[in-house]
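Take a first look at the chain below. The report then starts with the whole and works down to single side chains.

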Amino acid sequence: MHRRRKKPNWPMANLDALTKFFWFLEIHPSLQLPLGERIILTYASHVHLDWHWELKAGSGYNISVINSCLLDTISRDVEGHDND
């Protein structure tokens with residue numbers, strides 16, 4: 001059985017922010033690191049999920065602004081797990 005997805009009825013600002021979010025991740029310098037792709041995908045997964053929860057709660061934020069502190073934390077975590 002094929003389920004049709006409901007198209008989100010989001011404000012244009014949210015759609016623009018989401019588009020920029022993925023674009024900024026595509027060009028982020030962290031991708032040049034040996035584990036860069038894993039770092040960026042982990043960051044994207046974490047932030048994207050949080051953003052959706054916050055939107056549903058009525059307190060969304062500009063997802064396109066890369067949280068460098070969070071990205072650094074994720075980087076260290078991913079690199080630490082790779083050394084195990």
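## From surface to aromatic cluster

The protein chain has an accessible surface of about 6,700 Å², and 55% of that surface belongs to carbon and sulfur atoms. The model is a predicted one. Of the chain's 84 residues, 25% count as buried.

The fold is quick to list. The protein chain has three helices and zero strands. Read from the N terminus on, the elements run α-α-α. Contacts in the chain reach across the sequence: among those with a separation of 6 or more, 63% join residues 24 or more positions apart.

Now turn to the rings. The structure holds two aromatic pairs. The table sets them out.

| Pair | Geometry | Centre to centre | Angle between planes |
|---|---|---|---|
| Phe21 and Phe22 | edge-to-face | 5.0 Å | 65° |
| Phe21 and Tyr43 | tilted | 6.4 Å | 35° |

Phe21 lies in helix H1, while Tyr43 lies in helix H2, which covers residues 36-56. The pair therefore ties together parts that are 22 residues apart in sequence. Phe21, Phe22 and Tyr43 form one aromatic cluster.

How buried is this cluster? Phe21 is buried. Its relative accessible area is 0%. Tyr43 is buried too. Phe22 is partly exposed, with a relative accessible area of 38%. That value lies between the cut-offs of 20% and 50%, so Phe22 counts as neither buried nor exposed.

Phe22 also belongs to helix H1, which spans residues 12-26.

Is Asn14 buried or exposed? Its relative accessibility is 19%, and buried means under 20%, so Asn14 counts as buried. Which residues does Asn14 touch, leaving aside those up to four places away in sequence? They are Trp51 and Leu55.

One more ring deserves a look. Lys56 lies over the face of Trp53, at 5.5 Å from the ring centre.

To recap, the chain is built from three helices without strands. Phe21 takes part in a tilted pair with Tyr43, and that pair links helix H1 to helix H2.

Methods:
Residues are numbered from 1 along each chain as its sequence is written. This is a predicted model: local features need pLDDT of at least 70, side-chain atom pairs count only at pLDDT 80 or more; totals for chains, interfaces and linings use all residues. Side-chain values use heavy atoms; hydrogens and water are left out. Helices (H or I, at least four residues) and strands (E, at least two) are DSSP runs, numbered from the N terminus. Buried means under 20% relative accessible area, exposed over 50%, partly exposed in between (1.4 Å probe, protein chains only). Contact means heavy atoms within 4.5 Å. Rings of Phe, Tyr and Trp (its six-membered ring) pair if their centres lie within 6.5 Å; planes under 30 degrees apart count as stacked, over 60 as edge-to-face and the rest as tilted. A charge sits over a ring if NZ of Lys or CZ of Arg is within 6 Å of the ring centre and within 35 degrees of the ring normal. Accessible areas come from the Shrake-Rupley method with a 1.4 Å probe; for residues, only the protein chains shown count as cover.
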